Amino acid sequence: MRIERKSWNDPVFVATVAPLALVMVAFFLVPLLMTAVLTFQTTQYYRLVWTWDLKIWTEVFSKPHYWTIMMRTVAMALICVVLTVLIAFPAAYALATRLKTFKTQIQILIIFAFLTDAVLKTFGWILILDKNGVANWLLMHLGFPPEMLNLLFTPTGTMIGMVYNLVAYPMFTIYLSLVRIDRDLMLAAYDAGASRIRTFFEVTLPLSRPGLYSGAVLVFVLSLGAFLEPKVLGGGTSPLASELIRQSFETRVNWPLGAALTMVLITIGALMLAACAAFVLRRPSTGRRPA
Amino acid sequence: MASPIIDASGIVKDYGTARALHGVSLQIGTGEFVALVGPSGCGKTTLLKILAGFEEPTGGHLQIQGRDMRGVPAASRPTRMVFQKLALFPHKTVAENIGFPLKLQKVGKTEANGRIRAMLDLMHLKPDYLERYPAQLSGGEQQRVALARALVSQPGVLLLDEPMSALDAKLKKSLQAELKKLHRELGTSFVLVTHDLEEAMMLADRICVMRSGHVVQVGTPADIYYRPANMFVAGFIGETNFLPVTASAAGDGMAVVSPLVAVGKTTIASEHVSPSLSAKGTALLVRPETIRFVKGDAAPGEWVLDGHVEEYFIKGASTQYRVRVHGLDNAVILDLPGSIVLPAAVGEAVRIGFDPTQAFLLSE
């Protein structure tokens, strides 16, 4: 891929870039700036008071409670990334290389499950995870003690929901990376004397990195903002950042606090992504051969 | 052949119900350069993959260096492959690509580096290429890196799967010359798959011509060109002429009659007769370069045909004429030495002649 240098004096370039730039500025940068400005305001009797004050930030940095929730959110997001990738990679690998006969059917099923509304799916998990739900019923009939699992309204329940709702993203990105790998590269590795396992780690895995990384980033960003799963399956016992922010805005009607917590979450997410990007880009480009 | 490095006998390969190879037998000598040639779908690439160990034959026996290859994976065979699309690892540098087989063999770092550098020298690649990625090299340089990767572990047999088909004509010629030189210097057995019989004739010691899963003929380039087994082999090298004749045994050779020629009766010596001659579709192979325009009297014994010029092509060193002859389905092709003075114009009535005793008698 070549990046062309274009001049801002080129009217065609400006005309083609301007609409997207305007949309980004109007609906992304401006709201973000407004949120940042909001954090320096205060409230009195549930009303916004227009000032320039560091009161909210002092509160944010002095209450460990907020930071516990932030750290829990990041930890949950990271665990979710690891679990989804661990589930998605073998599935994508099987879909790309092994399953020939039912490939299309399986893909259609995955897409259906992916496109079904997340609220429906998440509530569906209640039926499975409930004490008297499908999971315990099945385990009981398999000879395990009754009501063995107690997952509903626990962080584990939240995690199951998050992994289930997000696993399709890395599955697709990894699948797309895997099908692009020339099969001859694997033959070349075998020919050079590599075992199947060695070939996987020397050729398949490094070349599926783009899909692996993009899938992981998608899952990370989306699970930082997970709202539905902690609410429905976690039962509010261990809230995540999005619930804390919702409470600040809606229950406590403290908009500056909600804005400040939003900025904290965005900053943590952006810093972690930047760190990951630096780590990934430290390796020289996996240059592609010209077609 | 004293001790063939590759001894394949009766190799059969089925894909489902389709049979790709019908009992192919081929011996390749140590240090020999053999080309597998044929149109697409003739089974030449399947045979190469069976030699490499990427495909398991359905039947038959394969020995390489005296060892039975049944169940031996590609990694443990003394063969190395250069792939059609080269299959260089895009995420590895040139040094890592060339050194990959050595890394797998756990060759020590200093020795590996020495051998990688030796390969680089052999392939005329600059040392500062070592840290580059394949995408940063030209097509010809990538070709050399692929060759270096295949040769670095000193294989007994180098398998080449049409590695030059994607290159432009000029680069192809220079790499062909280098491949031939490389083969002479290394003494490794080379097996080249190509659909280009001209390339095979230039490079190989022996050529194996294949069609629909059968070996049609194995022989030296001269055998293939001057003594082709049948019309398929003779036609594969490029455009040529077949004159339908009837033939019958006559003493040492064959008595040949062509109804198209006025005095179309001659005897062809046995060395000009295909050993696999059958009764079906007997014809004389008359190469385009052996036909001339007859102006004035015909030479004694020369067969002369009447026709008119359909088209001509100036190719530089030669000029090709296509002459339409009454009674023949295809135009007769003549390759005349190039000349600024054209011997005939389009549409002109001409007489063409050739010496039938120098033609080659074969069948379909």
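The buried residues of H13 in chain A (buried: under 20% relative accessible area, 1.4 Å probe, protein chains only) pack against helix H3 (64-98), helix H12 (228-232) and H14 of chain A. Helices here are DSSP runs of H or I with at least four residues, strands are E runs of at least two, and both are numbered from the N terminus. The model is predicted, with local features requiring pLDDT of at least 70 and side-chain atom pairs pLDDT 80 or more, while totals for chains, interfaces and linings use all residues. Residues are numbered from 1 along each chain as its sequence is written, and side-chain values use heavy atoms, without hydrogens and water.

H13(A) covers residues 241-251, and its buried residues are A:Ala241, A:Ser242, A:Glu243, A:Leu244, A:Ile245, A:Arg246 and A:Ser248. After H13(A) comes A:Val253, with a positive phi near 45°.

H14 (residues 255-281) of chain A also packs with H11 (residues 209-224) of chain A, at an angle of about 170° and with the axes 11 Å apart. H11(A) is therefore roughly antiparallel to H14(A), a term for angles over 145 degrees. H11(A) contributes A:Tyr213, A:Val217, A:Phe220, A:Val221 and A:Leu224 to the contact, and H14(A) contributes A:Leu265, A:Gly269, A:Met272, A:Leu273 and A:Val280; contact means heavy atoms within 4.5 Å.

Chain A as a whole has 14 helices and 2 strands. Of its 291 residues, 37% are buried. Among contacts in chain A with a separation of 6 or more, 68% join residues 24 or more positions apart. The C-alpha atoms fill a box of roughly 75 × 75 × 30 Å along the principal axes.

Terms used: Chains lettered and ligands numbered in written order. Buried < 20%, exposed > 50% of the residue type's maximum accessible area, 1.4 Å probe, protein only. Axes fitted to C-alpha atoms, helices over the stretch in contact; angles between N-to-C directions. Parallel < 35°, antiparallel > 145°, perpendicular 65-115°, else oblique.
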